[in-house]
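Biologist: Could you walk me through this one? I'd like to start with the strands and then move on to the helices.
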Amino acid sequence: MQNYVCRCFFTRNLYVKKYNAHLVYEDDETFREQNAKILQARGCVSDGQVADILFLVRLEVQRRKEMFNESKRRQRVIAQTYVPLHPEIYMLRESQLDAGFLHVVKYCKTEASNARDVIQLLKSEQAERVYSLPIFTKRFCIKFVEEMEHFESSSMPKGRPNTMNNYGVLLNELGFDEGFISPLREHYLNPIAHLLYEDYGGGKLDSHKAFVVKYKEDEDTELGFHYDNAEVTINISLGKEFTDSQLYFGKMRNQVHTNISYTECVHVVSHGILHRGQHMHGALPITSGERYNLIIWMRASSVRNKLCPMCDQQPQLVPTEGWGDGFTEHPSPNREDGNFVQSCSLL
Ligand SMILES: [Fe+2]
Ligand SMILES: [Zn+2]
C-alpha cells in the first residue's frame, strides 16, 4: 500500500538543536517574518544570526526530503550484512513478555472488558490518562540493550530517531518491524489502547514508528518539552542503571498552558508508560548511568487522514517509502485526480 507524509513535514516543526527552536520554512523571503517571535526569543536579531539559523533550517528540510530513501538504503545494507548478536529477539514471543502485561491484554480482549476495569489493572500516573504497566521480562530487556550496543558498535550505517535525539536506533532499519513491533502493536498494544484511548484512534492503530533512544552524560542527557507525531505512544524503559531522567507531562498541546505545572513519572525498567501522542511531555536530565528506552509512536490512519496532528490541517499528501507518517489514501485539495476529490467530498 502506498503511504504518505503530510507536506508540513517539509515546512513546519523544523527543529534546530543549536537554537533549541522549532521553526517554519516556506521560502527564504518569508522565513524571518514567519518566525519573528521565536527568533526574537532566541536572540536571533542580526542579519548574520538569521542567516545562520536559516542555513540550519534549510539543511533540516533537505535531510527530511532525502530521509525515506536514505532509510530504505540503510535498511537494505543492514539486512544484507549485519550479523545480530541475539537473532532470536527479532521475532516476538510471549516468553519475552511480562506475565502482568499478558494478563492485561487477555482482559482487554474479553467481550465484557471496559475502560474502568482495565485502569484498575494499570498504574495510573498523576498526569491525566497516563498509565504504566510491565511489558517485557527483565531478561529480554538485557538482551535487547545488548543488541542495541552491538549494533551501535558495528560499522553499519545508522539513521537517528528524530531531530531531538542524536543517539539511538531506528528499529525498522534494523529489521524489527515485521516480526516484532507490528505484532506487538496489533495484537497486544492496540487492544489496550482500544479501551484507554478510543477517542484518539485506540483500536485502529494501523502503523507506527519505533525507535530506541539513549540518554547518557556527555551524549543526549534530556529531551525538551514536545508532543509526538502519534495518536498513542508507549515509552518502555529497557535499562540499564540510571538516576533521574524522569518523564514529565504538561497538558494536551492544544490546551492553554497558563500555569505551567508538570507531573513527573518515575520510569521503572521493563515497564512502559502509555500516553496520548499529543500530550506535551519531556525527559528530565539524566544525572548518572545510561538509559535506553523503546518508544513506539502508534498511528491511526482513520484519525490523521482527517486532520494532520502536526499542522492541524487536512493533510496534503506526499508519497513516501515505507509507512511514511501513517497517512493513507485520502482526498486532498492538492491531488490532481479531480474525480477522486469530487467523489470523496460527498462523504
Ligand atoms: Fe515524545
Ligand atoms: Zn500536516
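Modeller: Strands (E, at least two residues) and helices (H or I, at least four) are DSSP runs, numbered from the N terminus. This is a predicted model, where local features need pLDDT of at least 70, side-chain atom pairs count only at pLDDT 80 or more, and totals for chains, interfaces and linings use all residues. Residues are numbered from 1 along each chain as its sequence is written.

Biologist: OK, which residue is the bridge partner of Met252 in S14?

Modeller: His279. Strand S11 (residues 247–252) pairs with S14 in the antiparallel sense, over four bridges.

Biologist: And what stands opposite His281 in S14?

Modeller: That's His226. Strand S8 (residues 223–226) is antiparallel to S14 too, with two bridges.

Biologist: Why is S14 largely enclosed?

Modeller: Because four of its five residues (279–283) are buried. Buried means 20 or more other C-beta atoms within 10 Å of the residue's own, exposed means 12 or fewer, and partly exposed is in between, with C-beta atoms placed from the backbone.

Biologist: Switching to helices: where does H8 bend?

Modeller: At Leu189, by about 45°, with Pro191 following within four residues. The bend is the angle between axes fitted to the seven residues ending there and the seven starting there.

Biologist: Which residues of H6 are buried?

Modeller: Cys141, Phe144, Glu147 and Met148.

Terms used
Chains are lettered from A and ligands numbered from 1 in the order in which they are written. Two strands pair if DSSP finds at least two bridges between them.
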